[in-house]
Structure formats: C-alpha cells, structure tokens
Amino acid sequence: MEKQIIVAGDELARQQEYAARVRSLARRPQTFHIVTMGCQMNERDSETIAGMLSEMGLRPEKTREKADLILYNTCCVRENAENRALGNVIWLKELKRERPDILICVGGCMAQEEGMADRLKKQYPFIDLVFGTHNLHRLPEYLWRVLEERNPVVEVLRSDGVIAEGLPQQRASAFSAFVNIMYGCNNFCSYCIVPYVRGRERSREPQAVLDECKRLVDQGVQEITLLGQNVNSYRGGGGEFAELLRRVDELGVPRIRFMTSHPKDLSEELIAAYGELRHLMPNLHLPVQAGNDDILRAMNRRYTRERYLDLINRLRSVKPDIGLSTDIIVGFPGETLAQFEDTLSLVETVRFDSAFTFIYSKRAGTKAAQMPDDTPAQTKSERIQRLIALQADISREILSAQVGKRETVLVESVSARDEGWVGGKTPRGHMVNFPGGAELIGRLIRVEITSAGRNTLRGKRIMEE
C-alpha cells in the first residue's frame, strides 16, 4: 500500500511568501544557472527549480560562469555520476574566490544520500545551500535564509518522500514535456541506491496528472512523456497505469511516451494498450539488466529470463514494429563467463533497437556492495566491449531496415554540424536528420528515410502525400 504524504496548501502558501520576500530584496541574485545530472526525473525537477527561482525574481543565465546563483541538481545512481558532481563542485571553489557573492547550491539525489550532506558541509564549506529530493518545494525558504543569515544552509529530510502539487515550473521545451506520475521506488534492486534517495513509491492522483496534461495540450505540446521510477506500479500496479494512459490518450496529444518500466510489473492491460491507443508511440524502454537467472536473482529483479522473453513476445504480437531499448549491467558481483554469455544470447534473441550498457558500479548502502566481487576490471572491460559490439551490429541492422520507409518525425533541433539540417525522432524513437531550418522545430514532419548510419537515420522531407 502506498503511503501518500501530500504537502499541505498552507505550506505551499508559506513558500510563496518566502519567494516574495526574496524577490523584494535589494541585494539578491539576479540570474541563475542550473546544471542537471542524471535521469529525466532530475530534468523535470530542474524545470520546477527554475520555476521557483523565476518566481523569486531571478532570470536564467546560459553561461554558468556569469550566473549569480549556480545550482547543481545531482545524480548518484553510479559512482562516476557522484564523482562527476563532486568534481564540478570543487571547480566552483575558484569561482567563489573570484566572486564571493556568487551562491552555490547543491540538490538532488546525491545530496539526499546518507551522510553526503555532512560530507559536503565539512569538505566544501564554500557551498551556500544543500537540500535533498524530499524538500525541494522549500527552496524559497532556504534561499531566504542564506541571503538573510549569510551562513550556509544544509537541510536534507529523512522521510519516505512527499508529493507537492502546484509548484511553479519553467519548461525546457515548448513542444515536448515530461510529466511526473509517481515518485520513489519499492523494488530495492540489490545494486541500486534510488529507493534510498527517492523514497517509497507514491503516485499522483489521476486527475492531477490529467489536468497537467490538458494544460500542456492546450499550450500546443506535441509530445508528453509520463515519468516514474517504475510507472508500471502506478497506484499499486495492475491496470491502473494502462487506464491513465487511456485517459491521457483521449486528450488528443499527438504523442505519448513513458519511462521507466519494470518487467515484473508489466501488465496485460499495458501490453494491450499498444494495440489500442492511437497516440501511444510504438516504443518501450524495458530494462533487463542481465540474461542469466542466477544473476537476476542476486540483483533482486524478481523475474526470470523466460518471463522477460515471454513479455517481449507478447508485446510484439500486439505491436510487431515496437522499438525496444534496455539497460544492461556487466560484471555484477560473481558473474561468470557463462552467465555473461547468457546476457549476450538474450540480446541476440530480443534484438533491441538500442541498449544502455554499464560496468557494475558499487554503491555504498546497497546489498550488492557487500557481495564478493573478484572479477578483474580488465575482464569486465573486455566483456562490455563484446556486448557493445554485438548491440552495435543489431542496431545498425535495425536502422538499415528503416531505409525506404515513410515516417512522421517530431523535429527537435537544428543539427550542430550543419545549420541546413534538422533532427527529430520517429514514433519508434529513431533519430532522423534531414534538410530543413529552425522554423520546423516543434512540428511533425513527414520524412522518407534515405540512408542509415551507426546510430541515426537520414531522410528527405515529403512535401505532399
């Protein structure tokens, strides 16, 4: 049963009062720059942070070095993400010396990690504000205290997490939007720190999600991506998430996507939705992590290789052209060569469009961190190179099979290499580059695929059909 803790309206009103106080200060930061690390959930949180800072009278600054307030929204899912965040923060020490009035803030998952707030306070005394994932809504109060008291503020709450509705936001895109439907995770995969820093699962009310989606549709948003650590367990799992998708589909948004899905909770209703919902894109990110049952058991994934392959078969029976992506960990503690080769054979069987592959990274505080791990780093490196090479071949073959097809592309950006080209994704999630200008950004354009590269497609615009 989910434990819902909704931030009360009077608390949100109190934060608005603090925002007004900050805005009225003669000596306050005028500009801000947010550095976002990690997943789409963090990207969405950064949009909320930007909205709150804007409500406090600050305006965004594209250049980090020129901003009056720099905020790092951090990730700690892997050790290198944490090291990268800490490395960036250390770099700011010199900037703080040159510009003493600059404010340096650190939030997000790394800040929420057990013991990290105290470590930041002791080792990085030049940081002005540290806050966690559970008290993001209190940013106006914390910034007010920093400005008034002229002392660092470190506030990280130990709780199962909260839901704060109605916070201001500053969307990063006018045509594509992330919408949180739930927060937290109950799965406790043995390698993962997320449940400890994001709290227990808690779902937003369906009407709150639908109201937000309706506003986005009215604003002309072309694509909505529903977010959660495990969207398949929305409101306890079962068919609840599929029902929410159906109701979002009825709003008429051209494209609906979602992430991330846990295989153990992938329901029959959700599989059926791929054959029933007009606006649900034929694309699914379904992390498998490993292809061997013993490793999956050690990971506490709670499904078997056979179960995963059965899900793939049922998805493809409903939507034969569905594009599948996944996450895979190589070198989990105790993984043998034979067990790794089980993962390779699963990849060959499923034929993912793409895969995010990682060498296992120990996270303190997780069960896997206590497991014996005697596989040499060189062996792990060799294994992941084999996996990357295999997936690259499969991806190349899948992309080549798209040549000659006609697809609708949602244009996202102008090419960094050639201003005469633009790029965007097909319904299946493949990136296509084709001749065009910035005026096409945010539009759905019909394109014929003319060639395939290693990771992307090329095409030409179809003017009439």
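Me: Which strands does helix α2 lie across, and at what angle does it run to β7?

Reply: This is a predicted model. In it, helix α2, residues 40-55, lies across β7, β10 and β11. Its direction makes about 100° with β7.

Me: What makes β7 and β10 a pair?

Reply: Pairing needs at least two bridges between the strands. β7 and β10 (residues 223-227) have 5 bridges, in the parallel sense. Therefore they count as paired. Within this pair, Ala177 stands opposite Ile224 of β10.

Me: Why are β7 and β11 at the edges of the sheet?

Reply: The open sheet has 3 strands in the order β7-β10-β11, with parallel pairing. β7 (176-180) and β11 (255-259) each have a single partner strand, so one side of each lacks a neighbour in the sheet. Neighbouring strands are turned by 25° against each other on average, direction ignored.

Me: What does helix α9 touch in the sheet?

Reply: Helix α9, residues 240-249, packs on the sheet and touches β10 and β11. Contact here means heavy atoms within 4.5 Å. The direction of α9 makes about 155° with that of β11.

Me: How many helices and strands are in the protein chain, and why is the chain called as compact as a globular protein of its length?

Reply: The chain has 14 helices and 19 strands. Its radius of gyration is 23 Å, and the globule rule gives 23 Å for 465 residues, so the chain is as compact as a globular protein of that length.

Me: What share of the residues is buried?

Reply: Buried means under 20% relative accessible area. Buried residues make up 53% of the 465.

Definitions and conventions:
Residues numbered from 1 in each chain as written. Predicted model: local features only at pLDDT ≥ 70, side-chain atom pairs only at ≥ 80, totals over all residues. Heavy atoms only, no water. Helix = DSSP H or I, 4+ residues; strand = E, 2+ residues; numbered from the N terminus. Axes fitted to C-alpha atoms, helices over the stretch in contact; angles between N-to-C directions. Rg over C-alpha atoms; globule rule 2.2 N^0.38 Å. Buried < 20%, exposed > 50% of the residue type's maximum accessible area, 1.4 Å probe, protein only.
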